[in-house]
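Open your viewer and get ready to select a few stretches. Each stop says what to pick and what is there.

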Amino acid sequence: MDKILKENRVIICAGTGGVGKTTVSAALGIRSAQLGFRTLILTIDPAKRLKTALGLSENSETTRVDLKDSGELYASMIDFKSVFDEFVERMSSDEKSKERVLNNSLYKQLSTNLGGTQEYTSLERLYSAVHDEKFERVILDTPPTQHAVEFLSAPQRFYSLFDSSIVKWFLPKSEADSFFQKILHRGTRIALKQMENLTGTEFIQELSQFFESIHSFRDKVQERSGEIHSLLTSEDTAFVLVTGFDAIKLKETGEFKEELRRGGYRLCGLIVNRVFPDLLENGVDREPLDGDRLKLYEFYCSLRERERNRISILEGFLDNLDREVEVIKIPDLDLGESAVAGLSEIARRLVND
């Protein structure tokens, strides 16, 4: 992975959940720092042990990781609510409109629970980090998604929220409205009156204020979405797919790979995590076996056959990769008591000899 880290400022670790993506992202960060780059890891939801090792706090503050003499590494856990609030502050035209959105009860729910906000805010945080001259390399641990399109299409889907026909229902009627629009607003008022009877006037007012406010962000959101897309498809950005050592994970990774290809994103690396060690290939001495030793040998044979089948599936998958995509296989390791030492061991294995 050294070549990828040397030639790209942004590394995006992508893949479905449960493949060790966060751990691999941290190991890539360590390797990047070892190569001499001031590196920032943006992570999503690390395990407690990893969180402690990186010195992460809940409030998304950027902290320096103690690597002794191994380089300059920083880490930050993405706080989606904080990133969204900062986004609103930048998009708002004045203090009054900013406070109106931030204090809106509907916004408080949507900023953390709306589908796609995690993906978009992680990209928003990435964009900010890339434009911070303090960091020479930025590594993003992407949110766990079942489908690649959920992450890749986040900017466009987020923009569509601000430009949908539903938003226009709640905008104030201007004198320039056409006859059709006046009918639409009249119909909207009738529908809202029915909603008020069910939910109360206060809720409808909050709803109307929210949609009126976000509509004013439309042009700025469209511009930022375009900038984020340009960053993702830039020559300075490399995608590294992380996958597991089984048929289901490889199938999901294959689908993700195709989405990257169709979208014009640069797939530069593939990390197959928790590959079974090659210990089973050494064989055992054939000698007369009976009793427990025979049962143990039969178990060994069945396990070896199972792993050979999995290796065959992996080799078939790798045959369909472009030649320039670097492939690293990381065995299922016992990382010991120290999380930093364990990450350093994974980082060592990221070097393709």
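## Start in the sheet

Keep in mind that the model is predicted.

Now widen the selection to strand β1, residues 10-14, and strand β6, residues 237-243. The two strands run parallel, and five bridges join them.

Next, show the whole sheet. Eight strands make up this open sheet, and their pairing is mixed. Walk across in the order β3-β4-β2-β5-β1-β6-β7-β8. Which strands stand at the edges? They are β3 (63-65) and β8 (326-331). Each has a single partner strand, so one side of each is left without a neighbour in the sheet.

## On to a helix pair

Select helix α4 (residues 80-91) and helix α5 (residues 95-102). Their axes come within 9 Å and cross at roughly 150°. An angle over 145° counts as roughly antiparallel, and α4 and α5 are therefore roughly antiparallel to each other. The crossing is right-handed. Show side chains next: Asp-85, Val-88 and Glu-89 of α4 make the contact with Lys-98, Val-101 and Leu-102 of α5. By class, three of the contact residues are nonpolar, three are charged and none is polar.

## A second pair

Move to helix α14 (residues 247-263) and helix α15 (residues 291-319). Here the axes come within 10 Å and cross at roughly 10°. That makes α14 roughly parallel to α15. Pick Ala-247, Leu-250, Thr-253 and Gly-254 in α14; they meet Ile-313, Leu-314 and Phe-317 in α15. This contact has five nonpolar residues, two polar and no charged.

Technical notes: Residues numbered from 1 in each chain as written. Predicted model: local features only at pLDDT ≥ 70, side-chain atom pairs only at ≥ 80, totals over all residues. Heavy atoms only, no water. Axes fitted to C-alpha atoms, helices over the stretch in contact; angles between N-to-C directions. Helix = DSSP H or I, 4+ residues; strand = E, 2+ residues; numbered from the N terminus. Parallel < 35°, antiparallel > 145°, perpendicular 65-115°, else oblique. Left-handed = near helix turned anticlockwise from the far one by under 90°. Contact = heavy atoms within 4.5 Å. Nonpolar A, V, L, I, M, F, W, Y, C, P; charged D, E, K, R; others polar. Pairing = 2+ DSSP bridges.
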